[in-house]
Amino acid sequence: MMEKQDIIHSLNELKSEDEIEILSQSKNSICLYDYQAGKEIVYTFKRSKTELASHVHISRKIPKKYRPNREKLVQYILNLPSDMLLTLSDIWFVWGEDDYDDMVSYYDADPAYACDLYDENCLGKMWFEKNAAIVDVQNIFNSALEIEKQDIAMGFEGNAYQDTLEQIVITAIHEIRHIMMDTNIILPEDEYPISLASEFEVEEFAREWVREYGWNVF
Ligand SMILES: [Zn+2]
């Protein structure tokens with residue numbers, strides 16, 4: 001687990017090598033500019049319920065039965081290893097293409113990003129430039145319906161509802177894991193070898209976590 005003093009130490013090292021610039025610093029966070037990636041990264045040392053809740057965006061367009069409960073979800077995410085939450089900015093639960101426009105305008109980013117990010121075949125996405133995780137609930141729902149159709153055609157029982165709920169949580173963890181592996185520029189390699197950043201390992205982590213802790217955030 002990365003401790004505050006180690007993080008500050010490592011970041012100061014990068015600063016002395018002119019890799020980054022520290023833009024602002026408070027008791028609980030450091031905001032920096034990463035020259036190589038060409039973006040800002042905020043390190044938040046200790047995430048609290050209220051602080052994290054303010055970074056969880058749940059679209060009102062998501063049908064109620066598939067909409068995570070903010071409080072339960074925040075508690076669930078806070079139980080993840082704290083290293084996974086260090087550089088995470090926001091988590092977005094979206095439903096439909098319009099939500100991508102709203103998300104992009106939240107950051108005052110170029111509207112063209114919305115088209116780049118939207119992909120009807122993607123269950124989730126990491127927005128690298130913003131260190132944000134996107135969970136596309138509509139796509140997850142559609143994919144669960146497809147699987148249900150196949151199941152029913154083969155004589156099995158359909159389970160799209162439960163599958164959707166479970167997949168929403170798996171996808172959220174999956175993307176948060178990507179954020180840690182790909183956006184934390186001082187992640188210790190002995191603890192987190194680069195191999196853990198692969199799609200396979202990231203998905204394994206997410207599925208294993210949900211097997212162990214369930215997906216009751218609704
Ligand atoms: Zn992935």
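The protein has eight helices and seven strands, where helices (H or I, at least four residues) and strands (E, at least two) are DSSP runs numbered from the N terminus. With a radius of gyration of 18 Å, close to the 17 Å that the globule rule gives for 218 residues, the protein is as compact as a globular protein of that length. This radius is taken over C-alpha atoms, and the globule rule is 2.2 Å times the number of residues to the power 0.38.

The model is predicted: local features need pLDDT of at least 70 and side-chain atom pairs count only at pLDDT 80 or more, while totals for chains, interfaces and linings use all residues. Residues are numbered from 1 along each chain as its sequence is written.

Strand E7 (residues 132–136) has five of its five residues buried. A residue is buried if 20 or more other C-beta atoms, placed from the backbone, lie within 10 Å of its own, exposed if 12 or fewer, and partly exposed in between. Ala132, Ile134 and Asp136 lie on one side of E7, and Ala133 and Val135 on the other.

| Strand | Sense of pairing with E7 | Bridges |
|---|---|---|
| E5 (residues 91–94) | parallel | four |
| E6 (residues 124–127) | antiparallel | four |

Ile134 of E7 is the bridge partner of Trp92 and also of Lys125. In the hairpin of E6 and E7, four residues lie between the strands, and Asn131 takes a positive phi near 55°.

Helix H7 (residues 160–183) is largely enclosed by the rest of the structure, because 18 of its 24 residues are buried.

Technical notes
Two strands pair if DSSP finds at least two bridges between them.
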